[in-house]
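Biologist: I have a model open and would like to learn how to read its features. Could you walk me through it, step by step?

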Amino acid sequence: MSPSGPKRPKLVADKRHSTKKPAAKKPVRRKARKSAPKRTRRTQRPKGILGWPIFLIGWVVRLIWRLTWKAAVVVALIVGLAVFYFASTIPELNALLDGRAKGSVTILDRYGAVYAWRGDQRGRTITTQTVSPDLKNAVVASEDKRFYGHIGLSPRGIASAVRINLSEGRGPLSGHGGSTLTQQVAKLLCLGVPYDPDQWKNEAAYEADCRQGSLRRKIKEAIYALALEAKFSKDEILTIYLNRAYLGAGSHGFDAAAQRYFAIPASDLNPAQAAMLAGMLPKPSIYAPTANLKRSQDRAATVLRLMNEQGYLSDAETAKYQAAPATLSRAAKAQAGGYFADWIMGDLPAFLTRKTTEDVIIKTTLDPRIQTAAEDAMAEIFATKVSSGSKAEAAIVVMSSDGAVRGMVGGRETKVTGAFNRATQAKRQTGSAFKPFVYAAALDMGYRWDDFILDEPYCVNVPGSGEWCPKNYTRKHYGNVSLTEALARSLNIPAVKVAEDVGLEAVRSVASMFGIESDLAAGPALALGASESTLLETTGAFAGILNGGSAVIPYGLTELSLVGENDPLMTQSGGIGERVISQQAAQQLVYMMSRVVEAGTGGRAKIDGLEIAGKTGTTNSSRDAWFIGFTAEYVMGVWMGYDDNTPLKGVTGGGLPAEMWHEAMVRIQSELVPSPLPMIRPGSAPRFDGDVMTSDGRNGGLFQDNGRQGGQTVQEAVEDAFIGVLRSIFGQKN
């Protein structure tokens with residue numbers, strides 16, 4: 001049957017091989033096939049002998065490139081994370097401006113002027129807006145001229161530093177560091193590691209660790225510098241630097257340094273002063289103006305030139321300030337009172353001075369004019385009267401009659417801090433300078449200035465030591481001499497006789513009450529100064545004689561307060577204590593001591609038109625030479641000797657020490673109106689009437705002198721005798 005209905009289409013197989021290829025596929029397939037030979041050529045082995053080296057070099061370069069960019073990415077990620085971490089741990093700006101671990105001590109003279117500093121000094125907080133613009137420019141010009149253009153690191157500066165170090169024969173990281181200001185701030189902050197007293201031996205060890213220059217440390221420093229740049233603006237980074245940079249003499253920060261060297265705030269610095277401070281930054285101990293002013297000025301001239309080259313100063317301004325360099329303030333120039341300041345610091349509680357956590361201000365009794373006079377006098381004597389190369393030393397103490405110390409020199413080298421102070425630390429035998437206390441005890445018991453004693457060969461039996469026979473310095477005997485003459489000529493035998501007669505315990509008691517606290521000799525040699533004492537103690541004891549017989553405690557502090565507090569923590573108004581001898585006895589003793597200068601061993605201390613009393617002292621073999629004397633205004637003690645007890649050559653207390661005393665007192669009294677000494681004024685010298693002290697003791701009849709007793713009335717003599725009886729019953733104190 002044939003199919004019915006519409007005619008179906010004819011079945012034909014699909015045409016699989018078209019003569020016309022699709023336009024889109026043709027170029028793609030051909031390109032893919034053509035790329036295969038290129039891959040074959042890359043892996044193709046080199047041809048010929050020269051091909052191998054070229055092949056190897058290319059392969060190494062390609063390998064290094066692949067490793068380098070991959071490593072760079074890894075390092076960048078690590079550095080970025082490190083910078084982010086450090087930036088997140090850095091405290092806020094205000095917490096970074098003051099890095100003190102301890103407080104500071106500022107020491108003022110009697111007039112309120114600063115003359116010494118102890119501890120780390122820090123001034124007011126300053127910023128780039130409040131500081132002198134010249135200072136800001138000087139720091140940038142000398143330390144980092146690209147500061148405002150880099151990101152905390154300066155590759156050019158590092159490369160230059162490496163080149164300089166290698167050219168000078170050092171390692172690439174030794175010497176010049178090429179550090180930016182930001183890197184220096186990172187060091188000042190110790191890379192964020194705070195000082196821990198439990199971890200570090202002291203602050204010096206901590207700071208030394210902060211400054212170490214190992215490669216690991218340099219890398220960490222660079223990262224910390226980047227973190228600082230990320231957290232703070234340029235001016236904020238510079239503000240940290242201005243407040244924390246060390247500028248010598250214990251000064252941290254430019255405000256403290258401006259006060260230390262120029263006595264002005266950092267806001268008032270002119271270009272010359274700013275350049276001098278900025279010039280100190282590389283090496284403060286070398287470029288500090290207190291170390292060498294000329295070297296500091298030369299360095300400042302270089303900084304001024306850099307400021308000119310970078311457009312901060314005009315040519316005219318540069319020439320002006322180079323021609324008129326900065327100079328030190330009066331206090332900084334003098335550098336006076338170092339021994340005095342050390343004495344004050346050591347005499348006060350450590351928690352208020354050496355270990356204070358607060359800023360302390362101490363007002364003292366120091367008179368800068370008197371201090372300078374003492375220093376100049378010592379320098380004059382050693383320059384003109386002492387052999388060059390001599391190792392002999394000296395010390396001077398000047399005080400008022402109430403014990404207020406006005407000047408102190410502890411050695412020939414005066415521009416020092418923390419040095420051995422021979423005025424307060426050296427205990428030396430006083431020699432004949434002790435004799436006034438022998439006569440003080442005698443006068444207080446009823447002896448008189450015009451009593452006579454026999455200077456003769458004399459021996460005394462010392463229990464446990466046998467017979468002891470003192471000799472006069474001249475090896476001569478002078479027969480009947482008054483007590484005044486015996487003291488004026490510093491005769492040993494009369495002094496021993498008087499001490500034996502009044503009792504060694506009485507002499508020891510009087511000396512101790514006057515302030516000589518050292519152990520006093522037990523035997524008769526006590527009268528000749530066999531005991532040791534400091535110059536400060538002995539000078540203070542002489543002040544008690546001047547003030548009428550009352551003990552004094554030498555003092556140097558008048559007021560101690562904390563910065564910012566209105567009320568002082570400590571005050572001192574005077575050092576006068578208990579009465580030791582009667583005023584009449586003191587007035588006689590002052591007269592007797594005045595004869596030491598007028599007609600005795602202290603003649604070289606004499607000053608025309610000025611009443612002076614004093615006493616010389618020379619120990620065995622001239623190991624120590626003393627002169628302690630006073631005017632109506634001041635008491636001054638001078639000691640000379642060797643630190644190792646080597647005997648002095650041809651020096652006695654009446655020689656160079658008396659001359660040094662004279663030189664200093666002439667300067668001290670130059671601005672004062674001379675005042676009379678508080679002493680008796682007899683009309684004539686004592687006359688011998690047959691009543692003397694002998695080796696057997698004291699004879700009677702010594703108080704019969706026509707109603708007068710060394711300037712005293714009969715009534716006064718009776719009162720003194722009565723007081724003497726009371727003392728014998730109740731003891732020596734009044």
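Predicted model: local features only at pLDDT ≥ 70, side-chain atom pairs only at ≥ 80, totals over all residues.

Biologist: How many helices and strands does the protein have?

Modeller: The protein has 25 helices and 22 strands. Of its 734 residues, 48% count as buried. The exposed surface comes to about 37,000 Å², and carbon and sulfur atoms supply 54% of that.

Biologist: Let's take a sheet. In what order do the strands of the open sheet run?

Modeller: Reading a sheet starts with who pairs with whom. Here 5 strands line up as β7-β6-β20-β19-β18, with antiparallel pairing. At the edges sit β7 (405–409) and β18 (613–618), each pairing on one side only. Ignoring direction, neighbouring strands in this sheet are turned by 5° against each other on average.

Biologist: How many bridges join β19 to β20?

Modeller: There are 7 bridges between β19 (residues 624–630) and β20 (residues 634–641), and the two strands run antiparallel.

Biologist: Which strands does helix α24 lie across?

Modeller: Helix α24 (residues 656–669) lies across β6 (393–400), β19 and β20, and it runs at about 145° to β20.

Biologist: And at what angle do α17 and α24 pack?

Modeller: For two helices, look at the angle and the distance between axes. Helix α17 (residues 368–384) packs with α24 at an angle of about 140°, their axes being 8 Å apart. Angles over 145 degrees would count as roughly antiparallel, so this pair is classed as oblique. The crossing is right-handed.

Biologist: Finally, is helix α4 mostly covered or mostly uncovered?

Modeller: To judge this, remember that buried means under 20% relative accessible area. In α4 (residues 133–143), 9 of the 11 residues are buried, so by that cut-off the helix is mostly covered. Among them are L135, K136, N137 and E143. The buried residues pack against α6 (181–188), α9 (234–244), α10 (254–262), α11 (271–279) and α13 (293–309).

Note on methods. Residues numbered from 1 in each chain as written. Heavy atoms only, no water. Pairing = 2+ DSSP bridges. Helix = DSSP H or I, 4+ residues; strand = E, 2+ residues; numbered from the N terminus. Axes fitted to C-alpha atoms, helices over the stretch in contact; angles between N-to-C directions. Contact = heavy atoms within 4.5 Å. Buried < 20%, exposed > 50% of the residue type's maximum accessible area, 1.4 Å probe, protein only. Areas by Shrake-Rupley, 256 points an atom, 1.4 Å probe, with all protein chains shown as cover. Parallel < 35°, antiparallel > 145°, perpendicular 65-115°, else oblique. Left-handed = near helix turned anticlockwise from the far one by under 90°.
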